[in-house]
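Colleague: I am new to this structure and would be grateful for a guided introduction. May I put my questions to you one at a time?

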Amino acid sequence: MTPAWVVRRIGFCTLIGVVLAFFAVPMLWLASAPFDADPGLGLRWPDWTLANVATTLRHPHALTSLVNSLVLCVVATVVTTVFAALAAYSLSRVRIPGRDALLYLLLLLSSVVTGTAAMVPIFVMVLQLGLIDSRFGTALVIAGGMLPAAIFILKDFVDSVPRSYEESARVFGASPRQVLGHVVLPVARPGVATILVWSFVNAWGNFLLPFLLLRDVGKQPAAVLLRTLQDEGGSANLSVIPVFSLLYSIPVVVLYLFVSTRYGFRFHGGIKS
Amino acid sequence: MAGIEIAGLSTVYPNGVRAVDDLDLGVVDGELFALLGPSGCGKTTLLRTIAGLEPATDGKVLIGGRDVTREQPGARGVSMVFQDYALFPHMTVAENIAYPLRVRRAPRAEQRLVAERTAEGLSLSGLLDRRPGQLSGGQQQRTALARAVALETDVLLLDEPLSNLDARLRLEARTFLKRLQRELALTTVFVTHDQAEALALADRVAVMESGRVRQLGTPREVFQRPADTFVANFIGSTPMNLVDGTVRGDRVEVAGTLLPSPLDLPDGTPVVVGVRPEYLVVAEHGFAGRVSTVENLGVTSLVTLECADGTLVGLVVPEQEEPAVGAELRATPTPGRSLFYGEDGLLLATA
């Protein structure tokens, strides 16, 4: 226990403490501020009250925006998962020249498509299609942005399903759709669950696309509404924002727990696995 | 019930490999038929072409007299067991066995009934609600077999059915498989690279090499009268002695010995003489050499003789009659068990 050792030890613990506080403070704020009689931006022991919850529920757009978020996310997630599953299966099984190049190109483009660079053309296109202020239209655009990465991730899972499983099913007379539904997808279930959660979380937190494509405040999702929660004076409405943030975070946590316990990020295992 | 007719069948892979090459074959109704050959000889491709998993490039496949060359695998009336068994890991044993019925949208109660009945016949009754991952290798194999016979198809195809089992289990499974095939009287084709397995199980064997059938016959024929030197070399657990020789009148000179020969060929014609080590006996005449090694095979021993000209000749002697290493010995073929092959490798005569 030399002095140098003690100093190093203290330095290390301080560093860990700072990092821990850095990540813990927002979480603690999210747990305490909604129930504080006088919520601020700082962290303190709250004066317990449920008044903020009542205020939030009375807010004209708070609940509708959460419903809008759910609609957007469910549509985008379903579209992404279904199309990614079909595309990943075909890309995994069909021999076409330049398949890998195609996949990498898709992945590369996806970061451009969802990125800011393509915002203007996407806006113009959606405008000309008359889909501005359409939640389904926006959901499709979000899904389109997520699809390449989803296909890429899911293809890896489908690749790991032994071909003999499918051939076996085919010999017993299964149609391609039955092969996919009975054998490939159940075996690749951890991958499908991953895509489900990943695309839901992505769509749930997507700000830019709904912000641009949904101008009507009654149709905006929670991520966009959060920015506009202000009181009459124009400063952040601190009696609504904490409760709203808490509500906003619940679906993602619930989804994760549900998928994790129900479908499980695990594998039953075949021979020699 | 149905036999299989294969006429002029070729299967060429997209990369240009001719895995099956203009092949003709007939499998009789109810027969247990083996496709035997070394790795890469096209036997598995042939099986997969019969199943419809590989498209035939040329030729025809008839099952029960019906041309199925262009049919989907599910419409051919075949069932198949894969080398890795291909049991679905997310289904129970019962669901796996009843899968062919599920595809045909049979009611759940019927699926369960068939699964129970089939499982009982293959001693899997207590395991119906387990998943494949919780079964031993032998149980997995029986589950795969149960699934293949659950739906009464005409033809059963087995791809290396015993190769994933350990040596001890393999013998049990072999007997079991043969009995099951007899009971169901299913036309069965199986692929193997293990000549002992083929000889033990099959009613008839097709020995394949580079996409062609080199010999077709009963295990006895294939073992005793290999049609060419390839088959002679491939069949038999101890490798056959194949020794270069020369015709000398009504005899053949091999490894410094003159053997009687039935060949009517001009003097000096090169031939290959084949004798199985099991068909060589210690005698006063025949191959003369010095014992170089003795390998214990259990009941018998394999003795390797080094002849004067350096040729190695193997012979099998009964236990307790092993000669000492270095001893001088003579060995002669049992009458009727010597095979004479021409320079092209084809069988000319036996004596």
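Colleague: What percentage of the 273 residues in chain A is made up of buried residues?

Modeller: Please note at the outset that this is a predicted model. A residue counts as buried if 20 or more other C-beta atoms lie within 10 Å of its own. For the 273 residues of chain A, the buried share is 33%.

Colleague: How many helices and how many strands does chain A have?

Modeller: Read along the sequence, chain A follows the pattern α-α-α-α-α-α-α-α-α-α-α-α. The secondary structure of the chain therefore comes to 12 helices and 0 strands.

Colleague: Is chain A compact or more spread out, judged by the globule rule?

Modeller: The C-alpha atoms of chain A fill a box of roughly 70 × 70 × 35 Å along the principal axes. The globule rule gives 19 Å for 273 residues, whereas the radius of gyration of chain A is 24 Å. Because that value is well over the rule, chain A is, relative to a compact globule, more spread out.

Colleague: How are helix 2 and helix 12 of chain A oriented to each other?

Modeller: Helix 2 covers residues 51–58 of chain A and helix 12 covers residues 241–262, and their axes come within 8 Å. The axes cross at roughly 75 degrees. Angles of 65 to 115 degrees count as roughly perpendicular. The two helices of chain A are therefore roughly perpendicular.

Colleague: Which residues make that contact, and how many of them are nonpolar, polar and charged?

Modeller: Helix 2 of chain A contributes Asn52(A), Val53(A) and Thr56(A). From helix 12 of chain A come Pro242(A), Val243(A) and Phe244(A). By class, the contact has 4 nonpolar, 2 polar and no charged residues.

Colleague: What is the handedness of the crossing of helix 3 and helix 9 of chain A?

Modeller: Helix 3 (residues 62–93) and helix 9 (residues 189–205) of chain A pack with their axes 9 Å apart, at an angle of about 145 degrees. The crossing of these two helices is right-handed.

Colleague: How many residues of each class does the contact of helix 3 with helix 9 of chain A have?

Modeller: On helix 3 of chain A, the contact residues include Leu72(A), Ala76(A) and Thr80(A). On helix 9 of chain A, they include Ile195(A), Phe200(A) and Trp204(A). By class, this contact has 11 nonpolar, 5 polar and no charged residues.

Colleague: Which helix of chain A supplies the largest share of the side that touches chain B?

Modeller: In total, 18 residues of chain A are in contact with 23 residues of chain B. Helix 7 (163–171) and helix 8 (176–187) of chain A each supply at least two residues of that side. By class, the side has 9 nonpolar, 7 polar and 2 charged residues. The largest share, 6 residues, comes from helix 7 of chain A.

Colleague: What percentage of the 351 residues of chain B counts as buried?

Modeller: Chain B has 9 helices and 20 strands. Its C-alpha trace spans about 75 × 45 × 35 Å along the principal axes. Of the 351 residues of chain B, the buried share is 42%.

Colleague: Is Gly42(A) buried or exposed?

Modeller: Gly42(A) is found in the loop between helix 1 (3–32) and helix 2 of chain A. Pro26(A) is 16 residues away from Gly42(A) in sequence and 9.6 Å away in space, C-alpha to C-alpha. Because Gly42(A) has 8 C-beta neighbours inside 10 Å, Gly42(A) counts as exposed.

Definitions and conventions
Residues are numbered from 1 along each chain as its sequence is written. Chains are lettered from A and ligands numbered from 1 in the order in which they are written. This is a predicted model: local features need pLDDT of at least 70, side-chain atom pairs count only at pLDDT 80 or more; totals for chains, interfaces and linings use all residues. Helices (H or I, at least four residues) and strands (E, at least two) are DSSP runs, numbered from the N terminus. The radius of gyration is taken over C-alpha atoms; the globule rule is 2.2 Å times the number of residues to the power 0.38. A residue is buried if 20 or more other C-beta atoms lie within 10 Å of its own, exposed if 12 or fewer, and partly exposed in between; C-beta atoms are placed from the backbone. Axes are lines fitted to C-alpha atoms, for helices over the stretch in contact, and angles run from 0 to 180 degrees between N-to-C directions. Angles under 35 degrees count as roughly parallel, over 145 as roughly antiparallel, 65 to 115 as roughly perpendicular and the rest as oblique. Two residues are in contact if their C-beta atoms, placed from the backbone, lie within 7 Å. Ala, Val, Leu, Ile, Met, Phe, Trp, Tyr, Cys and Pro count as nonpolar, Asp, Glu, Lys and Arg as charged, and the others, Gly among them, as polar. A crossing is left-handed if the near helix is turned anticlockwise from the far one by less than a right angle, and right-handed if clockwise.
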